[in-house]
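Subject: A structure for you to explore

Hello,

Here is the structure I promised to pass on to you. Please open it next to this email and look up each part as you read.

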Amino acid sequence: MCGIVGYSGPQNSVGPIIEGLSRLEYRGYDSAGICLKINNELQIIKKEGKLDNLKAILGESRPFSNTGIGHTRWATHGAVTTDNAHPHGNEIFAVVHNGIIENAQSLKKDLLAEGFQFKSQTDSEVFLVLLTKFYKQTGNTLQSISKAFNLITGNSAFVITEKASDKLYAVKRSAPLVVGENKENREAFVSSDPFALVGFAPRIYFPQDGVICEGVVTANDVTVNFYELDLTPSSRYKFQANSMSMDSTSKGPYEHYMLKEIHEQPALVDKLAAFYIKNEGRKELDTLKGFKAPGWHLTACGTAWHAGLVIKNYFEQINRQRADVDIASEFRYREPILNKGEVGLFISQSGETADTLACQELCKEKGIETFSIVNTEGSTLFRNSDKNFLIHAGVEIGVASTKAFTLQALTGYLMSRAMEGTLDDPKLFSEIQLLSNRIGELCAQSDSLKEVAEKIYTKKGFIFTGRGKYFPIALEGALKLKEIAYVHAEGYAAGELKHGPIALIDESIVNIAVVGPELLEKTVSNVEEVKARRGIMVVVGPKDSPEIEHLADAYIPLDFNGLPNLSPLYVNVALQFLAYHIAKLKGTDIDKPRNLAKSVTVE
Ligand code: AGP
């Protein structure tokens, strides 16, 4: 979704705002804009397209202002145009918004009837017009924010700047928002994500829903005030030191963040195993020893949902505990049956995905314990969960999730072994080490996957198939290819093909079959069926398996030995590379694929 930032302080706000927006651009890159107070006038500079377009304009004009707000957009309401770009402003206020004002249309109708005008087709501008209406009535900014915020519905976060002062204001409901403070430099900050404030604000605050934040910078201090909507002082916020580090945000020697994040996996797999089995993470994992839930509800979206499907197999096959896996946007409106003692397990890289958070709320309302497998410490999911299992992937910047998937599934596997009480089984640690080595070997042979990509990247459609524990991997492989190569790709259970999808097969369609040593014969016959219809066959399968290798137009031999539980995570890395090379050959924007955003904070 959108990225929002604000700055007030002695230095030129353009610097921290643009740096903040560039770190938040993974959230949306349809347009970008900034509002600065220059000569006591609110000046808005905005441009459709990537942040570079805005930087180019600012580069020429080099404006200076102590106060400003900025935005990078993922369009929800109103086409991708400069008029619909944020900030939205007038002579009194300027506003940036992340989220959706669900009742914008009816509010806009009433405001138009009262004679107010609008310059854009966005829902966001409704908040600006409401603010202005109430300010004209009260002359009081806090009152106006409260009145306007009380009228809107939906998940939203706003940052507001005004002509009347250098203060920064912010307020949110079910959308990520963090306020930052640098006492030493007398600076106040606001952002959608603490990551944008790393190196700027050592002190950060997470306000709760409906808490108005006011950043006030004076000649010798900076304070952040918090108010309830009735403007009484509020204590509904969480303070913490900003412990995130910046070292993980450069691409290093890699051309893309996605490629860097794929290559980070061997070391991260080792680090996670050491953290949870040998070091400080063991304490939290040991709380699961002998834990038996009558039922688990694993709920997530996209790639995280696929990780849930992998974890289901562990909980059911190793712990014999029922684990239902649901797509969050379906679960939240399906009135799911939630029984006492069951557990909601929410999987999310960002910890801010609106549908997943709504499912957590639903479970909490029903008195169900909520656990999370999450990457972002301090995220809303993290703060609202009864138990958190961090995946320690570091910042994942590539919009197409790679390392987070592997570490989400691995964390679920470690939870399963913890419940089974076998964390000290030496075979466990050695299997994880072997996984790390095998992924390392794949990283070293990435070029061989490139050769396969060169054979198939021009093809019209791709069908990924897998059986049993490889079915989720077929789904994930297809999703990665869709996300970054913009080709039509579907994932299917191999046994399902003949019940319909096989009708798609002809010489323009590539079937990428994920074949493990288990159920090999079964899958061989599926490969035969596709070959019989002249489909192009790419098989990711066990090395030294001539019985299936000869059937394939391209064969990706993998060594499954010693990976009885973790081979799906290994195979998936091969599909990550395949998608990467196909996208590279197609010349798409791999790190910021069109129409996507890294963290989906609206429904
Ligand atoms: C994956 O590559 C996508 N970025 C997307 O499917 C993602 O997995 C989904 O939006 C869930 O995000 P989360 O893990 O941050 O909740």
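Helices (H or I, at least four residues) and strands (E, at least two) are DSSP runs, numbered from the N terminus. Please keep in mind that this is a predicted model, where local features need pLDDT of at least 70 and side-chain atom pairs count only at pLDDT 80 or more, while totals for chains, interfaces and linings use all residues. Residues are numbered from 1 along each chain as its sequence is written, and side-chain values use heavy atoms, with hydrogens and water left out.

Let's begin with empty space. Rolling a probe the size of a water molecule over the atoms shows where empty space is left. On a 1 Å grid over the protein atoms alone, a cavity is a set of points where a 1.4 Å probe fits but cannot get out; a pocket is an open set with protein on both sides within 12 Å along at least five of seven lines, and lining residues have an atom within 4 Å of a point. Grid points are joined across faces, edges and corners, and a volume is the space filled by probe spheres set on the points.

The whole structure holds 2 cavities of 30 Å³ or more. The largest cavity has about 60 Å³ of space, and its lining includes Cys2, Trp74, His86 and Asp123. Which strand gives the largest share of that lining? It is β6 (residues 93-99), with 3 residues.

At least two lining residues come from each of β11 (203-207), α7 (265-278) and α12.

Next, the sheet. Two strands pair if DSSP finds at least two bridges between them.

Two of the bridge pairs are Thr161 with Leu168 and Ala157 with Lys172. On to β12 (residues 212-217): 3 bridges link this strand to β8, and Tyr169 stands opposite Glu214. Is β8 mostly covered or uncovered? Mostly covered, as 5 of its 6 residues are buried (buried means under 20% relative accessible area, exposed over 50%, partly exposed in between, with a 1.4 Å probe and protein chains only).

Gly33, in strand β2 (residues 31-38), is also buried, with a relative accessible area of 0%. Contact means heavy atoms within 4.5 Å. Beyond its neighbours within four places in sequence, Gly33 is in contact with residues including Leu21, Ile45, His71 and Pro87.

Finally, look at helix α11 (residues 354-365), which has 12 residues and reaches 16 Å from first C-alpha to last, close to the 16 Å expected at 1.5 Å a residue. The expected span is 1.5 Å times one less than the number of residues. Among the buried residues of α11 are Leu357, Cys359 and Leu362, and their cover includes β15 and α10 (328-331). Just after α11, Gly367 takes a positive phi of about 75 degrees.

Enjoy exploring!
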